[in-house]
Amino acid sequence: MLCASLPGLSHQQMLVGGAVKELSAAMASLNVYSRCGFDGRVGCWIGNEKGRRNKLAAASTMAPKKRRLSISSLASSALAETPYTSRAKFYQEVLNDAREKFTQEISFQSKDKDISLAKALLYVASEDEAFMAFNREMDAHSLQSERRSASLASHATDWTCVEAMPLAGKNMNEWMVELDVIAREVEAELVSREIGCDLVEVLDAVNMVLFKSRGFKRSPVLVDSKCAYLHSVLSSGYCSAILLSVIYIEVCRRLNLTIVGSRVGEDFLIWPQTGNPEELFKVISGHSLFGIVNGKCVDDPRAKASDINSNSLPGLELATNRDIIGIALANLMRLHWKRASRANHGLMLTSPLRSVDHADDKSSKTNCLNVPLLRPQDLRLAIMASERLLILQPHNWALRRDHGMMLYYSREYEEAVQELSICMAFAPEEEAEVLEPFVEKLHLLRVESSWKSQGKKGNLTVS
């Protein structure tokens, strides 16, 4: 069904004593690296007057700032004293490069039609893969430190830029060429039929190559991260609906055929831009071309997509390239959040907000900010996805709230206070009132965390 839900380091000796702490600091440097690409606004909670919130009047008028991804001073100090500096710096540069090039690709200074869906999503995959590759190297060296006999594979690299980074055996440019190859296969299919450029025949040839020759399959539910990254989808053929839409659009663009798409309820539908939509709905061999392209959702009476016909199709609001990238990122964020919170059944991003809002006694208010333990790598990947989404939608208050809540779950209290304070400036009044007591308590947690990091004794009582 073609629809989308909306809503390492080099090591030659065993780690001992202080070196372990330093290696942990090196890891932390990449866990908190990605604080760039937002719209440059800053703000924090002013908790000295009950019932008032910082409106951040100047925040909404500030020009976007370009922020460099940086390693914390503590981590930098640790890295400077360890033999792992070069590897950490190497991955840091890759992360910086991928994020900056993603930001450039979707820049609002460029026309939407000039944005490459494939390039943008491959930069997303490259950034996430670099982060996971660093984690794998860290795990491998930890294993070697525990087992003297364990052998460690060489991690020498022969690539110098993000475009040359290997993704499932191919670099970014090679995956772009793979889309060219698919388009040529469609052209060969058309030549074999000895036909011209009839729209219906072209779409039928695209379907033949993608679904029959290449064996692409739509995953009805996104549960595997391999279905959420473009390179792994092109490699395996098993994909989420939105990424199959991206492949379809990119292949047809290479055939000089424009494919457009739109949100319809919980689905995302695509079709060729044509002045004669009736031909898309003609039933041939029991199916219409519109149904073949978009999958079973158009035949499901429970889906709004089943109500679409040739008359209603022109009235749908077309999604931009930025919208499509946003849908893919939103799916990625939800996937990693679900994986991160797997051990906490039913945990929602906004659960702590409601706990604070409806707390009736002092005990429940004190305990409502107990942060559950989540899977750190998946949580960080979810945060990275939401950061990229905020580059696309900087004024989306609900997205900024969710981003702030993930920072809270990651125990990055200072950053969470900042993001949620900005969110309150744009959120509806009733939502801001729910956020207010939580941010007040989060501010106290930030202060307490700061005291503990400085070796202060005693605790703050959050009531």
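Two strands pair if DSSP finds at least two bridges between them. Helices (H or I, at least four residues) and strands (E, at least two) are DSSP runs, numbered from the N terminus. The model is predicted: local features need pLDDT of at least 70, side-chain atom pairs count only at pLDDT 80 or more, and totals for chains, interfaces and linings use all residues. Residues are numbered from 1 along each chain as its sequence is written, and side-chain values use heavy atoms, without hydrogens and water.

**Exercise 1. The hairpin**

Task: Find how many bridges join strand E3 to E4, and which way the strands run.

Solution: 
- Take E3 (residues 259–264) and E4 (residues 267–272). Six bridges join them, and they run antiparallel.
- Look at the turn. Two residues lie between the strands, and Gly 265 has a positive phi near 60 degrees.

**Exercise 2. Phe 290**

Task: Determine which residues Phe 290 contacts, beyond its neighbours within four places in sequence.

Solution: 
- Locate Phe 290 in helix H9 (residues 289–294). Its relative accessible area is 3%, so Phe 290 counts as buried.
- Apply the contact cut-off, heavy atoms within 4.5 Å.
- Compare C-alpha atoms: Phe 290 and Ile 308 are 18 residues apart along the chain, with 9.7 Å between them.

**Exercise 3. The largest nonpolar core**

Task: Identify which residues touch the most other members of the largest nonpolar core.

Solution: 
- Define the set: buried Ala, Val, Leu, Ile, Met, Phe, Trp, Tyr and Cys residues joined through side-chain atoms within 4.5 Å.
- The largest such core has 110 residues, and Tyr 248 and Ile 325 touch the most other members. Helix H10 (residues 321–340) gives the most, with 11 residues.
- List contacts. Beyond neighbours within four places in sequence, Ile 325 meets Phe 102, Ile 106, Ile 115, Leu 117, Ala 120, Leu 121 and Leu 392.
- Note a second, separate core of 15 residues, including Ala 88 and Met 132.

Methods
Buried < 20%, exposed > 50% of the residue type's maximum accessible area, 1.4 Å probe, protein only.
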